[in-house]
Amino acid sequence: MLIRPVLSGCGLCTLIFLLGTIQATQQEENGLEGKEQIHRGQVLVFKGGCNDCHSPKIFTPEGTLPDHTRLLSGHPQYVELPKIPSNIIGPDKWFGLFTLDQTAWAGPWGVVFAANLTPDPKTGIGDWTENTFIKTMRIGKHKAFGKDILPPMPWEDYAELSDEDLKAIFAYLKTLKPVKNAVPAPIPLTGKEIPTNP
Ligand code: HEC
């Protein structure tokens, strides 16, 4: 009677050890998980400069900072764009301009607005799958099949990241507060709609 619990105890140790080994091997194969994955994604987003363009800003005596109440929600929908003086951008002129919060950029490619990366299903990436996100970042097309993603979004640089890193970024983005903000579509530079001064 005394021996039995000791033996069961050892059996349990072996089982726990084996389960632990299997789990560790699976994690190695599947990559990071849970909190660790989200933390890695957050580090990559902050170090990778995503907030520079994708977050609206607050202006403080310490400088321009991402607005944490609407992090990564893109160019604010209702902000009126300052007029762009005509003939300022061109091969022998300035290459580009950007707003103070860096969410709208004008260049030879037109005017583009940083996308909403929060999990809002209609205006953000709430209905994207992990696969859609990875492919988008690798080939530079909206939702992996749509229009080309224009500069200055440096997708070619991020395309070099491993699947594990892109999965981590996506996992982190999914934890953000969903912000309803319908970012405007790009405006071609030659288009009549471009808000230039005569
Ligand atoms: C220098 C500015 C800049 C930086 C840095 C930047 N982006 Fe972007 N990003 C943009 C702009 C502007 C667009 C919209 C381009 C367009 O409309 O064609 C965009 C578009 C995207 C899109 C496509 C959204 C869609 O609906 O098609 C994704 C996804 C994205 N960015 C993710 C990221 C992530 C993740 C990071 C950081 C790792 C990042 N971006 C860093 C400016 C930037």
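Predicted model: local features only at pLDDT ≥ 70, side-chain atom pairs only at ≥ 80, totals over all residues.
Angles under 35 degrees count as roughly parallel, over 145 as roughly antiparallel, 65 to 115 as roughly perpendicular, and the rest as oblique.

Residues are numbered from 1 along each chain as its sequence is written.

Take helix α6, residues 163-174. The expected span of a helix is 1.5 Å times one less than its number of residues. For the 12 residues of α6 that gives 16 Å, and the end C-alpha atoms are 16 Å apart, so the two agree.

Next, burial. A residue is buried if 20 or more other C-beta atoms, placed from the backbone, lie within 10 Å of its own, exposed if 12 or fewer, and partly exposed in between. Nine of the 12 residues of α6 are buried, among them L166, F170 and L173. Their cover includes α2 (34-47) and α4 (130-139), where contact means C-beta atoms, placed from the backbone, within 7 Å.

Now the pair. Axes are lines fitted to C-alpha atoms, for helices over the stretch in contact, with angles from 0 to 180 degrees between N-to-C directions. The axes of α2 and α6 come within 7 Å and cross at roughly 95°; the two helices are therefore roughly perpendicular to each other. On the α2 side the contact includes Q37, R40 and L44, and on the α6 side D165, A168 and Y172. By class there are seven nonpolar, three polar and three charged residues in this contact. Ala, Val, Leu, Ile, Met, Phe, Trp, Tyr, Cys and Pro count as nonpolar, Asp, Glu, Lys and Arg as charged, and the others, Gly among them, as polar.

Some backbone points. Which peptide bond is cis? The one from P151 to P152, with omega near 10°; P152 sits in the loop between α4 and α5 (155-158). A144 is in the loop between α4 and α5 as well. A144 is not a glycine, yet has a positive phi of about 75°. A144 is partly exposed, with 17 other C-beta atoms within 10 Å. Q102, also not a glycine, has a positive phi of about 60° and lies in the loop between β4 (97-98) and β5 (104-107).

Definitions and conventions: Helix = DSSP H or I, 4+ residues; strand = E, 2+ residues; numbered from the N terminus. Contact = placed C-beta atoms within 7 Å.
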